Each structure stands twice: as structure tokens, then as C-alpha cells.
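Here are some comments for a colleague who has the coordinates open. Please read them alongside the sequence and the 3D view.

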Amino acid sequence: MQKTLKKYFPVFVLPTAAAFIIGFIVPFVMAVYLSFCSFTTVNDAQFVGFSNYIKAFQDETFVHSIGFSAIFTVVTVILINVLAFTVALCLTQKIKGTNLFRTVFFMPNLIGGIVLGYVWQLLFNGVLAYFNRTLTYSSVYGFWGLVILLCWQQVGYMMILYIAGLQNISSDMLEAAQVDGATGAQRLFRVIIPSVRPTIVICTFMTLTNGFKLFDQNLALTAGEPSRTTEMVALNIYNTFYGSTSTYRGVGQAKAVVFAIALALIGVIQMRFTAGKGDN
């Protein structure tokens, strides 16, 4: 069997490897090269060195979008994981209608980001109209509008992952803790949470990257208004590349490379700090 697998291993790996190289490696290498160029199209690229990167970090809107995205991500990571874990804990108890509730909580994740953005924009502006305000009246409204939207969309998905983790906890372990006189809080913090730590690692990583990569909802809900103060990094890159003159496409490409590297570093750091704990 092992000989057969080794013999046909290239046959099965080659199509996937080719697709990965064509669909990821080649475009990424070209993107890095174009970030050092001034170009309108790929064919007329002219090498300009690090000037695009210098212009990127001299752009105050880009620096602001990084800070805005970082604060937004920290808030959403905490809220989404706490809410998702709480809901999952409730829906793994012996109560009626748990399957219905799981479906209802998961459904927002099936709706596209652009649609969600416009729907929540109507809802928020409808409520704020009573106070003679709109969602783009200040960056505070836009920030919390984005937080509520992303939490509403992703809590259900993370809930499913937490439910899977909670269902893998041995009932004997919980019964033993109860027999030993452990309170509900002690069972939660000393038995349940340590047992679902691998799931917490996965959900934290996913919400972390989703927060930084947010684009559709940001574009539909606030479009960066007022005055680009609610513009996140992905939207800032989009506006730089497509909204400015063609001479700024290289700057937009440089921002995209910086963004990709930052996301990769965040993922590596987060996994190094938490993956080991998740294996315990």
C-alpha cells in the first residue's frame, strides 16, 4: 500500500501544486515586484525603488487606517469570542429547541458582506434619524456600527466551532468535578475552558485575521466616512489603487504588500504564543 501511494503521489500532488503556484506564488511575486514600480498596467511598469513604500507611510490616511483597524480588531476579537462561547455553552445544555437556535445564530454568516453592510446601514440610519444623526456623523458611530455588524455576522460561525469543542469534553470529567464539590464557576474555568483551548486558538486566529481583512462591510456601511476616519486598511488600499491617479497604483501595491506581510506576521506570532497551549 505504501509503495502504491509513493508511486502515484506526484499524480495527486501535481495538480494542486500547479494551481497553488499559478494562483498564489506567481501573483504574489508579481505583486512584490510591482510595489517597486510606477505603472498603469503590468506591461508599462518602471522600477522606482522604495519610493512607493516611502509615500505609503507618508500617507496619513494609511497610518490612521492601520490604527483604526488594530483597535477594531482587538474589540471584535474579544466580543466575538466571548459572545460565541457564551452562546455555545448555553446551547450545549439540555434545553428544547437547541438545533433551531443554532440555525438561527448561524444564518447571518451565510449573507454576503456587501448585503449586510447596506442592510445594517438602513437600520442604523433609521434609528439615528430620531436623534438627527447618521452613521457617518462621527467616526465613533461608524466604529461601533462596524463592530456590531461583524459581531452579528461571525458570532454564529464561531459558536459552531465552540459547540464542537464543548461536545468533545468528557462527561466523566465534568461529573467527577461535580462530585468533588466544584462550583459552576470552578468547572467553567478549571475544566471546560482548558478543555476547549485548541478551539479558542482557532477561533482567535480566525477572528483576528477577519478583523484586519474586513473590506466589504466597511465599504457598504460607511465607505470610510466621515473624511476617511472609518476607513480600514483594506479599503484604504482599494481607494489608493483605484481611486487615485494611475501614478499611485504602485503606492497602493506597496500598501498591499505591507498589509500581506503584517497579516502573515500576526498569524505566526499568534500561533507561536497559543498553539503550544492548545496542545496541552
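The points below take up the nonpolar cores, the pocket and the cysteines of this predicted model.

1. The largest nonpolar core has 33 residues, and those touching the most other members are Phe-72, Phe-85, Leu-146, Tyr-162, Leu-166 and Leu-221. Helices H3, H5 (113–128), H6 and H8 each supply at least two residues of this core, and the largest share, 12 residues, comes from H6.

2. Phe-85 deserves a separate look: once its neighbours within four places in sequence are left aside, Phe-85 is in contact with Tyr-162, Leu-166, Leu-188, Ile-192, Ile-193 and Val-196.

3. The largest pocket has a volume of about 590 Å³ and is lined by 17 residues, with Thr-92, Gln-93, Leu-166, Leu-174 and Ile-192 lying nearest its centre. At least two lining residues come from each of helix H3 (60–91), helix H6 (139–167), helix H7 (171–179) and helix H8 (184–195), and by class the lining comprises 7 nonpolar, 6 polar and 4 charged residues.

4. With a disulfide taken as two cysteine sulfur atoms within 2.5 Å, the count comes to 0 disulfides. For Cys-90, the nearest cysteine sulfur is that of Cys-203, 16 Å away, while for Cys-203 the nearest is that of Cys-151, 14 Å away.

5. Is Cys-203 buried or exposed? Cys-203 has a relative accessible area of 0% and is therefore buried, whereas Cys-90, at 44% relative accessibility, counts as partly exposed.

Conventions. Residues numbered from 1 in each chain as written. Predicted model: local features only at pLDDT ≥ 70, side-chain atom pairs only at ≥ 80, totals over all residues. Heavy atoms only, no water. Buried < 20%, exposed > 50% of the residue type's maximum accessible area, 1.4 Å probe, protein only. 1 Å grid on protein atoms, 1.4 Å probe; cavity = no way out; pocket = protein on both sides within 12 Å on 5 of 7 lines; lining within 4 Å. Points joined across faces, edges and corners; volume = space filled by probe spheres on them. Helix = DSSP H or I, 4+ residues; strand = E, 2+ residues; numbered from the N terminus. Nonpolar A, V, L, I, M, F, W, Y, C, P; charged D, E, K, R; others polar. Core = buried A, V, L, I, M, F, W, Y, C linked by side-chain atoms within 4.5 Å. Contact = heavy atoms within 4.5 Å.
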